[in-house]
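Q: I have a structure open and want to learn how to read it. Where do we start?
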Amino acid sequence: MKLIKVDHAYKVYKNGTTAIADLSVSIDKGEFVFVIGSTGCGKSTLIKMLYREEKPTKGDVIVGGINVAKLRNSKVYKLRRKLGVVFQDFKLLPKLNVYENVAFALESIGLPSDEIRPKVLKAIEAVGLKEKARNLPSELSGGEQQRVAIARAIVNDPKLLICDEPTGNLDHETSKEIMNILNDINKNLGTTIIMATHDKELVNRMKKRVLVIEQGVLASDNMKGSYKVHESLKNSN
Amino acid sequence: MKALRILIRSIRDSFKSVFRNFSLSMASIACTTVTLILVGIALFLSYNVREVTTNLEKELTIVVYLKKDTKEEEKVAIQNDLELMKSADHIVESYKLKTSEEWKAEMKKESDALESTLDYLETNPLLDSIIVKVTDVKELAPTAEKLRKYEYVSSASYGEGMIENILGIFDAISFGTVAIVVALVLVTAFLINNTIKLTIFARSEEIEIMRLVGASNTAIKLPFLFEGFILGVLGSILPIVISIYGYILLFDKSGGYVFTKIITLTKPFPFVLYVSGFLLVIGSLVGMVGSYRAVRKYLKI
Ligand SMILES: Nc1ncnc2c1ncn2[C@@H]1O[C@H](COP(=O)(O)OP(=O)(O)OP(=O)(O)O)[C@@H](O)[C@H]1O
Ligand SMILES: [Mg+2]
């Protein structure tokens, strides 16, 4: 079963910039997919369409059976509850501690508190932050903060985890830790993961499917690909 | 159940927000308070003035004095005309002949001095009269005018001027208070609108995250609507207390009358309760309208 089906999608911003042009791609349940490409090529735009932050100008984007292009504004929450999102800036609430930040996601969708507690504890454990559950974000390192954001993204057991440069603000070692956590989530929970990144080394090491985007167009799509494929592709052109 | 949880969470969040931005909330609450106190005063005034008006309307009487030498046929003729004004034109409510003898008897009862004076006089100096009651204040002047045209009518009077003056004053007062209240309601709605706007900006991070994790639009908007509602309700507490105690005090101190016996105050109960309910409704409505507008305008989701 395809979890994601992008079909001849275009995104033209209001100022006339074409960020995505005639892009088609399918992603299965349980896959781990990198989206790479030079800055401004349209990675974030593609990702934003997946969680309906942007609507495709033309074509279809279907995520978990929901056609994003036709999804009404008031129904966006239905899509969002099926997926989790993680960003470069962690988007944590500074006044809430780790536990509260993760619980916030479930409270926002109206889950009863007796269901919230075990889910939150499980998610915090999955990212290895059990000991720091009462810490405020300001008392955590960047890597730890990103782990909180990941815990919040997976707390409601989404089928899909979307990450836009989750390691963009982190050093090499910390990025590795984050990648291990994402890999575990993908393996152990079967969560489909889509991740946009600039980190060549990281992509090379992981040996996952790699989508290369160039100027809004899907330039290559390789199973067990790597950034090097992208570079050689560029050179051969 | 889910809806209830979201409701409870919204109310909790909005209370938190009211106290987090306390100085800002206080400005909105204070403005609501001032507005509602004036609304209360306007209500008391306009209601009691309506009482005055109805009291005055009971006095819609024209006294028509007939000249000394009026013939019997002429008395019958004018009464026939009045009958027409009553049954055909519905201008006249009722009319009644009051003879000079009846006047004399009434006056004698009034005081001993009058009695001895009237007894001393050989002939009755008083005139026969007709007491005419009209159906509406507006009919007083034209009817009196009409009656004066009869040759044998000596005078037709109804305390001209006085009633009109009183009514005019009260009209002006009512109009003035209504205008002030409308202006203040607008200012209050604007102020609450502004408070909610700032709350929305202050919580933009939270709103963004709620949206990302799949909170419904209702769940996101509700706390802000409640906040406006709470500001309105908090703003109506003082005006309600003041209007209940103030009115009861005024009623007791004045013995129920203000200036003259024509202006009678309505009994405090259940009147003050209606006013309180009305103030609460106005307060919360203004709060909700203010926050609704802010949410529509500034909460882009
Ligand atoms: N809201 C917007 N309005 C107009 N143009 C936009 C908007 N967002 C992005 N763009 C443009 O669309 C193109 C693709 O942007 P996008 O953010 O998707 O790139 P990216 O691949 O994520 O880049 P980076 O690697 O730097 O994050 C760029 O040219 C960018 O300037
Ligand atoms: Mg980007």
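A: This is a predicted model. Start with a proline: B:Pro270 sits in helix 10 (residues 268-298) of chain B.

Q: What kind of peptide bond joins B:Phe269 and B:Pro270?
A: Begin with the general idea: most peptide bonds are trans. Here the bond between B:Phe269 and B:Pro270 is cis, with omega about 0°.

Q: How do I read phi?
A: Most residues other than glycine have a negative phi. A:Arg52 is not a glycine, yet its phi is positive, about 65°. A:Arg52 belongs to the loop between helix 1 and strand 4 (58-63) of chain A. Now take a glycine: B:Gly255 follows helix 9 of chain B and has a positive phi, near 70°.

Q: How many residues does helix 9 of chain B have, and how far does it reach?
A: An α-helix has 3.6 residues a turn, so residues three or four places apart point the same way. Helix 9 (residues 217-254) of chain B has 38 residues. From first C-alpha to last, helix 9 of chain B reaches 55 Å, close to the 56 Å expected at 1.5 Å a residue.

Q: Where does the kink in helix 9 of chain B lie?
A: Look at B:Ile237: the kink there is about 25°.

Q: Which domains is chain B divided into?
A: There are two entries to find. Domain 1 covers 2-56 + 165-298, and domain 2 covers 61-157. Their C-alpha centres lie 53 Å apart.

Q: Which residues are closest to ligand 1?
A: Of the 13 residues that surround ligand 1, the closest are A:Thr39, A:Gly40, A:Lys43, A:Ser44 and A:Thr45. By type, the shell has three nonpolar, eight polar and two charged residues. Helix 1 (residues 43-50) of chain A gives the largest share, three residues.

Q: What polar side-chain atoms lie by ligand 1?
A: Check the distances one by one. A:Thr45 places a polar side-chain atom 2.5 Å from an oxygen atom of ligand 1. For A:Ser44, a side-chain N or O atom is 2.7 Å from an oxygen atom of the ligand. A:Tyr13 has a polar side-chain atom 3.4 Å from a nitrogen atom of ligand 1. Now the area: ligand 1 alone exposes 630 Å², and the protein buries 65% of that.

Conventions: Residues are numbered from 1 along each chain as its sequence is written. Chains are lettered from A and ligands numbered from 1 in the order in which they are written. This is a predicted model: local features need pLDDT of at least 70, side-chain atom pairs count only at pLDDT 80 or more; totals for chains, interfaces and linings use all residues. Side-chain values use heavy atoms; hydrogens and water are left out. A residue is near a molecule or strand if one of its heavy atoms lies within 4 Å of it. A polar contact is a pair of N or O atoms within 3.5 Å; within protein, one must be able to donate a hydrogen and the other to accept it, and residues adjacent in sequence count only if both atoms are side-chain atoms. Accessible areas come from the Shrake-Rupley method with a 1.4 Å probe; for residues, only the protein chains shown count as cover. Helices (H or I, at least four residues) and strands (E, at least two) are DSSP runs, numbered from the N terminus. Ala, Val, Leu, Ile, Met, Phe, Trp, Tyr, Cys and Pro count as nonpolar, Asp, Glu, Lys and Arg as charged, and the others, Gly among them, as polar. Domain bounds come from an automatic or database domain assignment. The expected span of a helix is 1.5 Å times one less than its number of residues. The bend at a residue is the angle between axes fitted to the seven residues ending there and the seven starting there.
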